[in-house]
Amino acid sequence: MDELKFRREAYENPNRQDDEFLASMHESNERTAFVNDLKLLDKKLEAALKIEVPEDLEAKLLLNQQLHQHQVDRRKTGFTLALVASIAFIAGISFTLLRLAPVDLGQHALAHVYHEEMAMKSEENISVDEVNTQLASLTSLKHAHFTEQPGRVLYSTYCDFQGVKSIHLVMQGKQGKVTLFIVPLEDRMVLEEAFADNRYQGMGFKSDNAYVLLVGEHATDLDFVRDEVKESFI
């Protein structure tokens, strides 16, 4: 199971017990810790929602049955609205917690490459002007751009790094293709200079305004594209 699918299923239900999910979780200590954190969050939310039942609740319910039907309907409507509001509030809290959680840029980059494998089949020739136009639309990059054509660019689009709009490029290396991500700086981002799995190798570095991550199958390709980018990206 790739990283993106694993995290999606973990967010949906960290307590799931299917064999594929459990096997994927035990592939690394980081995945196990991630699932345990989500389970802890679920328990905290569950504890916050527990409300003690009043001892006289049964008597009150019997009394309410004698009220006019209109009053009952109003009570039901009010309860429904309160329930919807509570669910929306909890969802908002969960989204905020996830939005503020640390982001491992290396693992996120690997997950993106697997999730968008079609990008690696692109054979376009994209100019530096097209890439700079996309970069210019990201105000958080503070006018970062390429001063010249950074080698052959085969693919260029926007992507999402845990809620942060970023740039996704595919570039030609010496032997094969290299995926390049340009991510605006954020304090919650965690950058590793080197990362890998059983297929891809990756490296990352920080410029004045962005994190730059490269993912490819050959170290020589990573070094080649890194040098081209460092010479032209400011």
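What share of the 234 residues in the protein chain is buried? Buried residues make up 36% of them. The model is a predicted one.

## Overall composition

The secondary structure of the protein chain consists of eight helices and eight strands. Among contacts with a separation of 6 or more, 56% are between residues 24 or more positions apart. The chain exposes about 14400 Å², and carbon and sulfur atoms supply 54% of that area.

## The six-stranded sheet

Six strands form an open sheet in the order E2-E3-E4-E8-E7-E6, and their pairing is antiparallel. The edges are taken by strand E2 (153–161) and strand E6 (194–196); each has a single partner strand, so one side of each is left without a neighbour in the sheet. On average, neighbouring strands of this sheet are turned by 20° against each other, direction ignored.

Strands of a sheet pair through backbone hydrogen bonds, in either a parallel or an antiparallel sense. Here, strand E4 (residues 177–184) and strand E8 (residues 210–216) run antiparallel and are joined by seven bridges. Across this pair, valine 183 stands opposite tyrosine 211 in E8, and isoleucine 182 has valine 212 of E8 as its bridge partner.

E8 also pairs with E7, in the antiparallel sense and over six bridges. These two strands form a hairpin, with three residues between them. Phenylalanine 205 stands opposite valine 212 in E8.

## Cover on strand E8

How many of the seven residues of E8 are buried? Seven of the seven are, and the strand is mostly covered. In a regular strand the side chains alternate between the two faces of the sheet. In E8, Ala210, Val212, Leu214 and Gly216 lie on one side, with Tyr211, Leu213 and Val215 on the other, and all of these residues are buried, which leaves both faces covered.

Helix H8 (residues 219–232) lies across E8, and also across strand E3 (164–172), E4 and strand E7 (201–206). Relative to E7, H8 runs at about 20°.

## Helix H7 and its two faces

Helix H7 (residues 128–136) has Val128, Val131, Asn132, Gln134 and Leu135 as buried residues. Seen down the helix axis, these buried residues fall within an arc of 155°, so they line one face of H7. They pack against E2, E3 and E4. The face turned away from the buried side carries the exposed residues Asp129, Thr133 and Ala136.

Valine 128 is placed in H7. Its relative accessibility is 15%, and it counts as buried because the cut-off is under 20%. Leaving out residues up to four places away in sequence, valine 128 touches Phe146, Glu148, Gln149 and Pro150. The C-alpha atoms of valine 128 and glycine 151 are separated by 9.2 Å, with the two residues 23 apart along the chain.

A polar atom of the serine 166 side chain lies 3.1 Å from the backbone oxygen of valine 164.

Neighbours within four places in sequence aside, serine 166 is in contact with Leu138, Thr157, Tyr158, Cys159, Phe161, Ile182, Val183 and Pro184.

## Aspartate 18 in the H1–H2 loop

Aspartate 18 is found in the loop between helix H1 (3–12) and helix H2 (19–25). With a relative accessible area of 29%, aspartate 18 is partly exposed.

Which residues have polar atoms close to the side chain of aspartate 18? The side chain of arginine 16 is joined to that of aspartate 18 by a polar contact of 2.8 Å. A polar atom of the aspartate 18 side chain also lies 2.9 Å from the backbone nitrogen of phenylalanine 21.

Technical notes
Residues numbered from 1 in each chain as written. Predicted model: local features only at pLDDT ≥ 70, side-chain atom pairs only at ≥ 80, totals over all residues. Heavy atoms only, no water. Pairing = 2+ DSSP bridges. Helix = DSSP H or I, 4+ residues; strand = E, 2+ residues; numbered from the N terminus. Axes fitted to C-alpha atoms, helices over the stretch in contact; angles between N-to-C directions. Contact = heavy atoms within 4.5 Å. Buried < 20%, exposed > 50% of the residue type's maximum accessible area, 1.4 Å probe, protein only. Polar contact = N/O pair within 3.5 Å; in protein donor to acceptor, adjacent residues only side chain to side chain. Arc of directions from axis to C-beta. Areas by Shrake-Rupley, 256 points an atom, 1.4 Å probe, with all protein chains shown as cover.
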